[in-house]
Amino acid sequence: MSRSRAAIAALVACFCVASPAAAARFERVPGVASPGTPAKYNKVGVLEFGSKSAPNVLILNPGTSAGAAYFAPLARDVAKQAKGWQVWAVERRENLLEDHSVLNRVKAGNADGKKLFDYYLNFTTDSSIKDHFQFIPDSKVAFARRWGMKTEIGDLRRIVQLAQKRHSKKIVVGGHSLGGSITTAYATWDFKGKPGAKGLSGLVFIDGGSGRTPVTASDARKSLSDLKKGSPWLVFGGIPAPFAGLFNVVGSGLVEAAPNAKSLLQDWSGLPSYLHAPVPVTNAGGYGYALDTETSPPALAAAQAHLGRLADSGDPRGWDGAGELTPLKRYADMFSGWGLKGLDGTAWYHPRRLTIDAGAVADGNRNDAQKVLGVRTTHGHDLPRGLRMYAFAAALGGQRVLDAAKTLASQSGIPSARLTLVNRASTYAHNDPNSASPKNDFVRFLLPFLDKVARGQ
């Protein structure tokens, strides 16, 4: 796709999508000006669910290599059940680089699964395919090496201010995985001598957060040196950018477009060996096998959920949900952004600098690495005492997530009675809190938490 077409597709200002559960609205607003970044990328998006007249807003930040659509099924559920609440999901600026042209056609029913596969993956091994995704050389996006926590918090500030402008009551900021560290960073960030948490009513940590121990200044300098010499983008689970995103949109898109057809990926020579199912599978079977906790490789722990198992019979084998926490179709909805134009649940390009900077957040305590990285999370001891916090631990973050929330609260004298701490590390995979349905312990405790926040308790 040409650069001009990509820019037009990416910078669509606003569109609306109807869904049975709730209406979704998407818009982009001006973000902070990051040095060297072209103006068209200094934008941050927000995907909104729930009634526009709902006075309270829960703002959710995606984790590593995730996009706003990742929260769509969860946000619809919460907006439907939590009286008086909207749910907003942040779409970070790096996702402006994605090419959704063919994915959008598949969602609209104007292209099939084979076209999806050919355009995003198959062309890399089949030179006869001429219409295909275009890789972006690192040299063209060197400015993204500056897209760290300062840029992220500046963009998030614009979203919080938008919520404050439109609504007069309660605002809660939360996040999943790395999004939990971003939540701590925002709450403790120094905004002209005041913490970001001033004006917020609550914080939500979904299997993520910032522990108190920072990286050393020496390690921070080395990370910056390595970044300067290397790619701006993080390698996710051993898969370099943008392939983690391409694999996910193709895999999840095939579950949506042709779940029971023979897998297009299984016999493709470009599929990593550790994702090969032992028997012929359908598109749904192959996607479930790659991401279920029992069969997915350890390197992809951050992408896993309790999805089920391969069917006992069939040629090719389909997928059996087996009474597990997360329905495969719902998982595919999350990552494909099904029903949402121009969005998906995976960030194809995740800035390494953002992950590097997260190591200096340290529950808002000053440290030497902050000076090296320019991270201003210094208000860990003066958060509003009326702030409420909810931390949910799953398999990847575990007890560390709860401990980080307790430390953050105790530093500022926030009473323990204002904390909701739930540990499901033994039963919930990293992504189950966002995807489990119809029973979901994360949502079960979130709803009364939001109710207490709304009532000012």
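Colleague: At 62% relative accessibility, does D267 count as buried or exposed?

Modeller: This is a predicted model, in which local features need pLDDT of at least 70 and side-chain atom pairs count only at pLDDT 80 or more, while totals for chains, interfaces and linings use all residues. Residues are numbered from 1 along each chain as its sequence is written, and side-chain values use heavy atoms, with hydrogens and water left out. Buried means under 20% relative accessible area, exposed over 50% and partly exposed in between, with a 1.4 Å probe and protein chains only. Because its relative accessibility is 62%, D267 counts as exposed.

Colleague: Which residue forms a salt bridge with D267?

Modeller: A salt bridge is a side-chain nitrogen of Lys or Arg within 4 Å of a carboxyl oxygen of Asp or Glu. For D267 the closest N and O atoms are 2.7 Å apart, and the partner, partly exposed at 42% relative accessibility, is K262.

Colleague: How many residues apart in sequence are D155 and R93, which meet in a salt bridge?

Modeller: The side chains of D155 and R93 meet at 2.8 Å, N to O. Helices (H or I, at least four residues) and strands (E, at least two) are DSSP runs, numbered from the N terminus. D155 lies in helix α5 and R93 in the loop between β5 (85–91) and α3 (101–107), so the pair ties together parts whose separation in sequence is 62 residues.
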